Amino acid sequence: MRNMKKIIIALDGYSSCGKSTMAKELAKEIGYTYIDTGAMYRAIALYSMRNGIIQNNSIDTDKLQLAMADIHISFVRNPETGRWETYLNGENVEKEIRTMEVANQVSPVAALGFVRKAMVAQQQEMGKAKGVILDGRDVGTVIFPDAELKIFLTARPEVRAQRRLKESLAKGEKVTYEEVLKNLQERDHKDTTRAEGPLKKAEDAIELDNSDMTVEEQQAWLLAQFNQVITK
């Protein structure tokens with residue numbers, strides 16, 4: 001793999017479609033750097049919650065804009081698992097950013113123009129050398145419109161809600177299926193209708209509905225798409 005050309009892989013799609021899992025596993029298998037764009041917005045939401053910028057579901061946008069210069073997000077490969085984890089100002093926050101509490105605050109933060117501009121600039125800088133895989137909402141349309149491989153993931157809302165519920169319960173969170181489904185539906189609406197970088201399929205993206213696929217089937221499919229591109 002290392003002797004072959006390096007490319008940029010963009011995985012876009014709806015929340016809880018398994019984008020992160022697919023991207024992380026492929027990055028591990030082919031030796032690419034994994035950049036979780038959604039985690040970057042989650043980290044900003046977490047920072048905002050910790051520092052009183054988000055209170056009672058309201059964002060102090062002026063305070064957040066001033067704080068952006070002090071928010072540094074990076075991805076570090078865990079030598080034990082081989083996976084990339086999210087760091088906020090040098091602190092590993094991979095677990096903290098995956099809670100339902102943070103999930104409920106992500107979309108409003110990600111919809112802010114100055115936040116997206118700062119994050120897109122960071123992501124583009126990270127991907128300059130290629131050999132990267134990114135997942136998010138607007139990777140193939142805004143961040144890297146020239147990515148050599150673009151995938152758009154979708155799955156039925158009920159399936160996605162069950163997946164998210166299983167993850168949340170495994171972490172010890174007390175949530176119901178109804179709460180998770182409502183959260184996903186609200187995020188879908190916000191993600192697809194926001195003015196800045198809305199979720200939509202790039203014209204040249206390959207769409208995959210993975211509602212009825214196993215994780216192994218998804219990984220095999222994605223690896224096949226990658227191999228097809230790099231051997232052209």
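This is a predicted model: local features need pLDDT of at least 70, side-chain atom pairs count only at pLDDT 80 or more; totals for chains, interfaces and linings use all residues.
User: Why is Asp 138 called buried?

Analyst: Its relative accessibility is 2%. Buried means under 20%. Asp 138 therefore counts as buried.

User: Where is Asp 138 found, and what does Asp 138 touch?

Analyst: Asp 138 is in the loop between strand E8 (132-136) and helix H6 (139-143). Leaving out residues up to four places away in sequence, Asp 138 touches Asp 12, Arg 116, Ile 143, Gly 197 and Pro 198.

User: What makes Arg 116 buried or exposed?

Analyst: Arg 116 has 4% relative accessibility. The limit for buried is under 20%, so Arg 116 counts as buried. Arg 116 belongs to helix H5 (residues 113-126). Beyond its neighbours within four places, its contacts are Tyr 41, Ala 110, Asp 138, Arg 194, Glu 196 and Gly 197.

User: How do you know how far Arg 116 is from Glu 179?

Analyst: From their C-alpha atoms, which are separated by 27 Å. Along the chain, the two residues are 63 residues apart.

User: Why does the span of helix H9 (215-230) agree with what it should be?

Analyst: H9 has 16 residues. At 1.5 Å a residue, H9 should span 22 Å. The end C-alpha atoms of H9 are 23 Å apart, which agrees.

User: Which residues of H9 are buried, and what do they pack against?

Analyst: Gln 218, Gln 219, Trp 221, Leu 222, Leu 223, Gln 225, Phe 226, Val 229 and Ile 230 are buried. They pack against strand E1 (8-13), H1, strand E9 (149-154), H7 and strand E10 (206-209).

User: How do you know that the span of helix H7 agrees with what it should be?

Analyst: The 14 residues of H7 should span 20 Å at 1.5 Å a residue. Its end C-alpha atoms are 20 Å apart, so the span agrees. In H7, Val 159, Arg 160, Ala 161, Arg 164, Leu 165 and Ser 168 are buried. What covers them includes H2, H4 and H8. Just after H7, Gly 172 takes a positive phi of about 90 degrees.

User: What makes the phi of Ser 16 worth a remark?

Analyst: Most residues other than glycine have a negative phi. Ser 16 is not a glycine, yet its phi is positive, about 65 degrees. Ser 16 lies in the loop between E1 and H1. At 14% relative accessibility, against a limit of under 20%, Ser 16 counts as buried.

User: Why is Asn 89 called partly exposed?

Analyst: Its relative accessibility is 38%. Partly exposed lies between under 20% for buried and over 50% for exposed. Asn 89 therefore counts as partly exposed. Asn 89 lies in the loop between E6 and strand E7 (91-92), with a positive phi near 50 degrees.

User: Which residues touch the most other members of the largest nonpolar core?

Analyst: Ile 9, Leu 11, Ile 44, Leu 64, Val 115, Ile 133 and Phe 226, in a core of 61 residues. H2 gives the largest share, eight residues. Another core lies apart from this one, with eight residues, including Met 100 and Val 175.

User: What is the volume of the largest pocket, and what makes up its lining?

Analyst: The volume is about 1100 Å³. Of 42 lining residues, Ser 20, Thr 21, Lys 24, Arg 98 and Glu 167 are the closest to the centre. By class, the lining has 10 nonpolar, 11 polar and 21 charged residues.

Methods. Residues are numbered from 1 along each chain as its sequence is written. Side-chain values use heavy atoms; hydrogens and water are left out. Helices (H or I, at least four residues) and strands (E, at least two) are DSSP runs, numbered from the N terminus. Buried means under 20% relative accessible area, exposed over 50%, partly exposed in between (1.4 Å probe, protein chains only). Contact means heavy atoms within 4.5 Å. On a 1 Å grid over the protein atoms alone, a cavity is a set of points where a 1.4 Å probe fits but cannot get out, and a pocket is an open set with protein on both sides within 12 Å along at least five of seven lines; lining residues have an atom within 4 Å of a point. Grid points are joined across faces, edges and corners, and a volume is the space filled by probe spheres set on the points. Ala, Val, Leu, Ile, Met, Phe, Trp, Tyr, Cys and Pro count as nonpolar, Asp, Glu, Lys and Arg as charged, and the others, Gly among them, as polar. A nonpolar core is a set of buried Ala, Val, Leu, Ile, Met, Phe, Trp, Tyr and Cys residues joined through side-chain atoms within 4.5 Å. The expected span of a helix is 1.5 Å times one less than its number of residues.
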